[in-house]
Amino acid sequence: MADVMPPNMLNERPRTPTGLLSNAEKDRLIERGFLGLYRWYTARSQETRNWNPDRSFEWRELRQDMPPELITVLQGFFAVEQYAPDFTSNLVHLVRRSHGRSHFQLRWGSEEEKHADAWENAVLFSGQRSPKWIEEYKERLKSQTWELPFPDAIHNLVYTVFQERATQLNYLNMMKIAQGRSEKPHLQGFADPVLAKVAQTIAVDEAAHYNFFLEGVRMYLYYYPERTLNAIKNVIGQFSMPAATLVPDWEQFFETVYRAGIYGPRDFQRDVMQVAFRNMGIESRKALEEGIRKTREVPDFDGGTFKTTAIFETFDYGAVEGDVKRLHVKIQDYEKEIGFDLYDPTEFVVNPEVPVQDTPAADD
Ligand SMILES: [Fe+2]
Ligand SMILES: [Fe+2]
């Protein structure tokens with residue numbers, strides 16, 4: 001029908017079918033969710049994770065006889081985290097029109113900056129790298145600039161979910177080694193309580209970051225399922241750790257991390273991708289790819305305003321809806337605690353596109 005209408009009439013036709021949310025309304029709802037979550041996050045971050053990279057650890061008690069492999073790993077952790085100003089400035093710029101997201105990125109950046117300083121302290125107090133060496137290494141790192149892995153906000157949001165989880169896993173496995181629980185022969189018998197505390201403290205931050213970005217992706221999944229599932233598919237298709245192309249001797253670092261049992265392709269599959277998928281209501285990579293393929297087979301009607309329901313079969317939208325609702329309850333509780341609810345409470349609004357789930361018959 002679109003092709004027989006005069007072009008000027010196309011613009012006058014209502015772009016959103018009756019009963020559905022317009023994109024502007026969806027964007028408003030997502031922004032309100034981000035804003036509420038950001039305020040909750042900041043309060044919580046200050047109450048429970050207000051540590052300091054210098055004062056929170058007994059640096060002089062860090063072991064001076066660490067295996068050289070661990071120094072290589074610490075140095076690599078530091079190298080990645082010290083790009084915090086690049087990560088933050090690029091991401092802030094990308095989402096600058098969103099209050100909740102841009103202010104969050106500043107808070108997030110201030111936490112990532114602490115990670116960089118804590119790992120640098122670990123390298124210094126290991127006694128195995130001189131201050132001069134560290135200075136030159138930093139100069140070398142800073143001569144390169146980290147750029148966004150994807151051009152748009154949704155892909156970068158999805159990327160960050162996987163990246164935060166992968167980073168958390170790296171630090172948890174470092175903690176395990178420092179607690180003397182490594183199964184690798186070259187690391188057995190080694191333990192360092194200071195290093196274990198550093199790794200654990202940073203891993204807790206990374207878990208909080210993962211959760212923030214995950215909640216964001218869930219809101220996108222709920223209101224823009226097709227766009228978000230496509231972004232997830234694209235991100236996992238080319239995932240690599242941040243700054244992998246910038247850090248000198250990355251291959252050696254990656255190899256050492258792998259041999260130490262800290263992180264490798266299998267860990268990504270099992271402990272990053274599968275965990276994030278489960279948290280996003282996606283059964284598997286295969287189910288995701290299959291679902292997207294099926295959606296594309298369904299013909300698009302008349303200018304694309306009629307949505308297909310095939311996309312909702314690609315993931316467990318009921319679970320995602322439940323998660324988005326729970327997020328709103330958390331935000332509302334926080335707003336009541338402060339008194340924001342008296343002025344402008346954050347409300348959850350159902351996405352009417354979501355098909356009502358049939359209750360399966362008893363003999364199905
Ligand atoms: Fe970090
Ligand atoms: Fe992080």
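Colleague: How many helices and how many strands does the secondary structure of the chain come to?

Modeller: The count is 13 helices and zero strands. Bear in mind that this is a predicted model. Read from the N terminus, the elements go α-α-α-α-α-α-α-α-α-α-α-α-α.

Colleague: And what share of the residues counts as buried?

Modeller: Of the chain's 364 residues, 34% are in the buried class. As for contacts between residues at least 6 apart in sequence, 80% join residues at least 24 apart.

Colleague: Let's take one residue. What makes Leu327 buried?

Modeller: Leu327 has 22 other C-beta atoms within 10 Å, and the cut-off for buried is 20 or more, so Leu327 is buried. This residue sits in helix H13.

Colleague: Which residues is Leu327 in contact with, leaving aside its neighbours within four places in sequence?

Modeller: Gly33, Leu37 and Glu215. Phe348 is 21 residues from Leu327 in sequence, and their C-alpha atoms are 9.1 Å apart.

Colleague: Then why is Ala208 called partly exposed?

Modeller: Ala208 has 18 other C-beta atoms within 10 Å. Buried takes 20 or more and exposed takes 12 or fewer, so Ala208 falls in between and is partly exposed. Ala208 belongs to helix H8, and it touches Ser45 and Arg49, not counting residues up to four places away in sequence. Trp108 is 100 residues from Ala208 in sequence, with 9.7 Å between their C-alpha atoms.

Colleague: Which residues in H5 meet which in H8?

Modeller: From H5 there are Phe104, Trp108, Glu111, His115, Ala118 and Ala122. They meet Leu195, Val198, Ile202, Asp205, His209 and Phe212 in H8.

Colleague: Now H12. How do you know that its length agrees with what a helix should span?

Modeller: Helix H12 (residues 285-297) has 13 residues, so at 1.5 Å a residue it should span 18 Å. Its end C-alpha atoms are 19 Å apart, which agrees.

Colleague: Which residues of H12 are buried, and what puts them on the same side?

Modeller: Leu288, Gly291 and Thr295 are the buried residues of H12. They cover an arc of only 65° around the axis, so they lie on the same side of H12. Over on the other side, Lys286, Arg293 and Glu297 are exposed.

Colleague: What do the buried residues of H12 pack against?

Modeller: Helix H9 (225-237). H9 also has 13 residues, and from first C-alpha to last it reaches 18 Å, close to the 18 Å expected at 1.5 Å a residue.

Colleague: Which residues of H9 are buried, and how do you know that they share a side?

Modeller: The buried set in H9 is Pro225, Thr228, Leu229, Ala231, Ile232, Val235 and Ile236. Their arc around the axis is only 155°, which puts them on the same side of H9.

Colleague: What covers those buried residues of H9?

Modeller: The cover includes helix H7 (153-178), helix H8 (193-223), helix H11 (265-279), H12 and helix H13 (317-338).

Terms used
Residues are numbered from 1 along each chain as its sequence is written. Chains are lettered from A and ligands numbered from 1 in the order in which they are written. This is a predicted model: local features need pLDDT of at least 70, side-chain atom pairs count only at pLDDT 80 or more; totals for chains, interfaces and linings use all residues. Helices (H or I, at least four residues) and strands (E, at least two) are DSSP runs, numbered from the N terminus. The expected span of a helix is 1.5 Å times one less than its number of residues. The arc is that of the directions from the helix axis to the C-beta atoms. Two residues are in contact if their C-beta atoms, placed from the backbone, lie within 7 Å.
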